Amino acid sequence: MLGYLQFNSNAALQAINKEFFKIIYLKKNAKVVVDFAEIECKSNTLFFINGNRFFKIIDGNSFVEGLMLHYDADFYCVKIHDKEVSCDGILFNNVFEIPYIPLSEVDSIVIENIFSEVKAEIQNGGLASEEMHRILLVNLIIKSTRIFTKENTGKWEEKYKDNVNFLRNFSQLVEQHFYSKESVSDYAELLNISPKNLNKKIVALSNKPPNQIIKDRIVLEAKRLLAHTDLTSKEIAYKLGYEDDAYFTRFFSNQVALSPIQFRKSYQI
């Protein structure tokens, strides 16, 4: 089922199952941490948090008012329904950036109205209530995808606007395969393109070579596991597909300038 939560504290947020997909609406001036990035909401903002992302309101803020919808993949699977809404690789499973949307006043009203409809439907129920929940969720995701795509497409030169789907496909593939595929040629084969052309396209659109994007995704997952689990460095290396934990330690240290153990200690401090 689809869940609705009005919150004003981290305690309420953390009580929700970490495996759930979450759509979080925060009023302006809130400050949050998403994974390891600090974000200040200069306007009302929507965040899209899949199960493995870490989300927290920064302590010390003044009163923070927020709304959240949460659901699991059994209720609505992003990958299965991607053709309907085209959000996978944009709002969820985006390896290029943290998916969040600063909203205009007009867009805020639209989004708040959908949250209100969800709340009313959950409270009142009725015939085909679960299907109505799903319809409202799809409505929110579609409107959010349109806003996000419009805002981000505007950042690219005119000649690159037709490559939005290519970026999405690459993002989806990296999210799906980073545990087992580390080379650019692996992804080039999946996209039916030469490694040279893949590199040229991704650099032009994101200012980063695909090789670095793949490495960044592996490092992000390693950081999450170091910061939020008790797994040893060797266990994390194995989980990420590295049979040689010494090689993994060198790789992580080169990317972060800290060893896995040093990173864990610094994060805890």
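Colleague: Okay, so how does Asp216 count, buried or partly exposed?

Modeller: The side chain of Asp216 meets that of Lys208 in a salt bridge, 2.5 Å from N to O. (A salt bridge is a side-chain nitrogen of Lys or Arg within 4 Å of a carboxyl oxygen of Asp or Glu.) Lys208 has a relative accessible area of 37%, so Lys208 is partly exposed. Asp216 comes out at 26%, so Asp216 counts as partly exposed.

Colleague: What share of the residues in the protein chain count as buried?

Modeller: The chain has 11 helices and 8 strands; helices (H or I, at least four residues) and strands (E, at least two) are DSSP runs, numbered from the N terminus. It holds 269 residues, and the share of them that count as buried is 45%.

Colleague: How far apart in sequence are the parts that Glu112 and Lys27 tie together?

Modeller: The side chains of Glu112 and Lys27 form a salt bridge of 2.9 Å, N to O. Glu112 sits in helix 3 (residues 105–124), while Lys27 is in the loop between strand 2 (21–26) and strand 3 (31–34), so the parts tied together lie apart in sequence by 85 residues.

Colleague: And Glu131 with Arg134: which helix holds them both?

Modeller: Their side chains meet in a salt bridge too, at 3.1 Å, N to O. Glu131 is partly exposed because its relative accessibility is 40%, and Arg134 counts as buried because its value is 16%. The two residues are 3 apart, about one turn of the helix, and both lie in helix 4 (residues 129–153).

Colleague: How many salt bridges turn up in the whole structure?

Modeller: Apart from pairs, there's a network of salt bridges that links Asp35, Arg53, Glu175, Arg217, Glu221 and Arg224. When the whole structure is searched, the number of salt bridges found is 9.

Colleague: Where does Asn192, with its positive phi, lie?

Modeller: Most residues other than glycine have a negative phi. Asn192 has a phi near 60°, though, and isn't a glycine. With a relative accessible area of 74%, Asn192 is exposed. It lies in the loop between helix 6 (184–190) and helix 7 (195–206).

Colleague: What about Ala257, what is its phi near?

Modeller: Ala257 is placed in the loop between helix 10 (245–256) and helix 11 (260–268). At 66% relative accessibility, it counts as exposed. Ala257 isn't a glycine either, and its phi is positive, near 70°.

Colleague: Which strands stand at the edges of the open sheet?

Modeller: The sheet has 3 strands in the order 4-3-6, with antiparallel pairing; two strands pair if DSSP finds at least two bridges between them. Strand 3 and strand 6 pair over 3 bridges, and Val34 stands opposite Phe55 in strand 6. Each edge strand has a single partner, so one side of it is left without a neighbour in the sheet, and these edge strands are strand 4 (37–40) and strand 6 (55–57).

Colleague: Last one: over which residues does pLDDT stay under 50?

Modeller: pLDDT is the predictor's confidence in each residue, from 0 to 100. Its mean over the protein chain is 86, and 89% of the residues reach 70 or more. Where pLDDT is low, the predicted coordinates should not be read in detail. The stretch where it stays under 50 is residues 156–160.

How values were computed
Residues are numbered from 1 along each chain as its sequence is written. This is a predicted model: local features need pLDDT of at least 70, side-chain atom pairs count only at pLDDT 80 or more; totals for chains, interfaces and linings use all residues. Side-chain values use heavy atoms; hydrogens and water are left out. Buried means under 20% relative accessible area, exposed over 50%, partly exposed in between (1.4 Å probe, protein chains only). Contact means heavy atoms within 4.5 Å.
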